[in-house]
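Subject: Structure for you to look over

Hello,

Here is the structure I said I would pass on. My notes on it follow below.

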Amino acid sequence: EQRAALATWEGPGRTADGVPVKILANVADGESARKAAGAPVQGVGLFRTELCFLNRKEEPSVEEQTSIYGQVLQPFGDDRYVVVRTLDAGSDKPVAFATHDGEENPALGVRGLRLSFDNPGLLDRQLDAIAAATAETGTEAWVMAPMVATVAEADEFAAKVHDRGLKAGVMVEVPSAALLAHRMLQAVDFLSIGTNDLTQYTMAADRMATDLAHLTDPWQPAVLQLIAITAEAGRQARKPVGVCGEAAADPLLACVLVGMGVTSLSMAAAAVRPVGARLSTVPFGLCEEAAEAALSASDPVAGRDAVRALLG
Ligand code: PEP
Ligand code: MG
């Protein structure tokens, strides 16, 4: 049944019994956006804007940023949407014109939204460019901030985005944000869980360290607990909660996330069909059972085994 689904699945995302789950793509620039637009996705769940700027010595002008963002928005027309993440510079993504040099511990330093607040003109110019690009292309843009740790940060970011008439969200990548998801949702319109960093910060294990792969595993029950808390907050608030980290690209784990109440899954374009096809064979109740099994497992290996036994 799963092989047949993989051969024929053309979206939109849904469970076997028809519960809708948006399947979205992660993109980096105009070229990857054009490719992703040809896949059966309902839009983009993560546009990593910093990847456009990694090799730039100076900040691009608002006009140039508008053009770059427009190239990502345009392929999705007026019936699909693009979640644009503001600059996530610092640590594993150094950007010459923004990153603080000489930090002892850059993963715990001035990075992500902290860096944008440290340099408010930078954030304002980026938001102006996103607003201009959505007006020019007619493609809806939702805007979200990376590395949010406090409710005050979410409030301040949401106010700036709402001033420009756009939907505002924050990423849940730090355990504090997951624990306070219900408070964050009072200010923002949506949440997006970045499981790569959420795992790193929950397990205190560098996401780049290959010898710590057993810890930087999104099947870690502690990470899943934080995802479940976040998804439940979204359910209570009736607002969307997506996952845009690597976890969403694992077809088995994707079913677990849906069972927790996650409403969208965003992934590299190559994972879209395997994930969408697998989800289309599993009824929602079985996703919920899989979520319970993964959450109550003692470790990632036991979790995977239990879920595989349930879902086949
Ligand atoms: C994440 O941390 O899971 C995420 C999606 O952001 P990035 O991988 O770009 O840090
Ligand atoms: Mg991240």
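Before the notes, one convention: angles run from 0 to 180 degrees between N-to-C directions, with axes fitted to C-alpha atoms, for helices over the stretch in contact. In those terms helix H2 (residues 30-37) runs at about 155° to strand S1 (22-27). Helix H2 lies across both S1 and strand S2 (43-48). Please keep in mind that this is a predicted model.

**The barrel**

Eight strands close into a barrel, with parallel pairing, in the order S1-S2-S3-S4-S5-S6-S7-S8. From one strand to the next the twist averages 30°.

S1 pairs with S8 in the parallel sense over four bridges, and Ile-23 has Leu-265 as its bridge partner in S8. S1 also pairs with S2, again in the parallel sense, over three bridges; here Val-27 is partnered by Phe-47 in S2. Six of the six residues of S1 are buried. Lys-22, Leu-24 and Asn-26 point one way from the strand, while Ile-23, Ala-25 and Val-27 point the other way.

Leu-191 stands opposite Val-241 in S7.

**Nonpolar cores**

The largest nonpolar core has 89 residues, of which Val-44, Val-82, Val-170, Leu-191, Leu-257 and Leu-265 touch the most other members. Apart from it lies another core, of eight residues, including Ala-89, Ala-98, Val-110 and Leu-115. In soluble globular proteins, nonpolar side chains tend to be buried together.

Leaving aside neighbours within four places in sequence, Val-170 is in contact with Met-144, Ala-145, Val-148, Ala-154, Phe-157, Ala-177, Met-184, Val-188 and Leu-191.

Leu-257 belongs to helix H11 (residues 251-260). Nine of the ten residues of H11 are buried, among them Pro-251, Leu-253, Cys-255 and Met-260. The buried residues of H11 pack against S7, strand S8 (264-267) and the helices H10 (221-237), H12 (272-279), H13 (284-296) and H14 (300-311). Just after H11, Gly-261 takes a positive phi of about 110°.

**Ligand 1**

Which residues are around ligand 1? They are Leu-46, Arg-48, Asp-88, Glu-173, Gly-194, Thr-195, Asn-196, Asp-197, Cys-244 and Gly-245. S2 and helix H9 (195-203) are the elements that give two or more residues to this shell, and H9 gives the most, with three. By type, the shell divides into two nonpolar, four polar and four charged residues.

**The loop between S3 and H4**

Gly-90 and Pro-106 are both found in the loop between strand S3 and helix H4; S3 covers 81-85 and H4 covers 113-118. The two residues are 16 apart in sequence and 6.7 Å apart in space, C-alpha to C-alpha.

Gly-90 counts as buried because it has 23 C-beta neighbours inside 10 Å. Not counting residues up to four places away in sequence, Gly-90 touches Thr-99, Pro-106, Gly-109, Val-110, Arg-111, Gly-112 and Leu-115. Pro-106 has 17 other C-beta atoms within 10 Å and is therefore partly exposed. With the sequence neighbours within four places left aside, Pro-106 is in contact with Gly-90, Ser-91 and Arg-111. From Gly-90 to Thr-195 the distance is 18 Å, C-alpha to C-alpha, and 105 residues in sequence.

**Backbone points to check**

Most residues other than glycine have a negative phi, and most peptide bonds are trans. The following depart from that pattern.

- Gly-11 and Pro-12 are joined by a cis peptide bond, with omega about -5°. Pro-12 is in the loop between helix H1 (2-8) and S1.
- Met-147 has a positive phi of about 60° and is not a glycine. It lies in the loop between strand S4 (140-145) and helix H6 (151-163). Met-147 counts as buried, because it has 25 C-beta neighbours inside 10 Å.
- Arg-238, also not a glycine, has a positive phi of about 55°. It is in the loop between H10 and S7. Arg-238 counts as exposed, because it has 7 C-beta neighbours inside 10 Å.

Regards

Definitions and conventions. Residues numbered from 1 in each chain as written. Chains lettered and ligands numbered in written order. Predicted model: local features only at pLDDT ≥ 70, side-chain atom pairs only at ≥ 80, totals over all residues. Pairing = 2+ DSSP bridges. Contact = placed C-beta atoms within 7 Å. Buried ≥ 20, exposed ≤ 12 C-beta atoms within 10 Å, placed from the backbone. Near = placed C-beta within 6 Å. Nonpolar A, V, L, I, M, F, W, Y, C, P; charged D, E, K, R; others polar. Core = buried A, V, L, I, M, F, W, Y, C linked by C-beta atoms within 7 Å.
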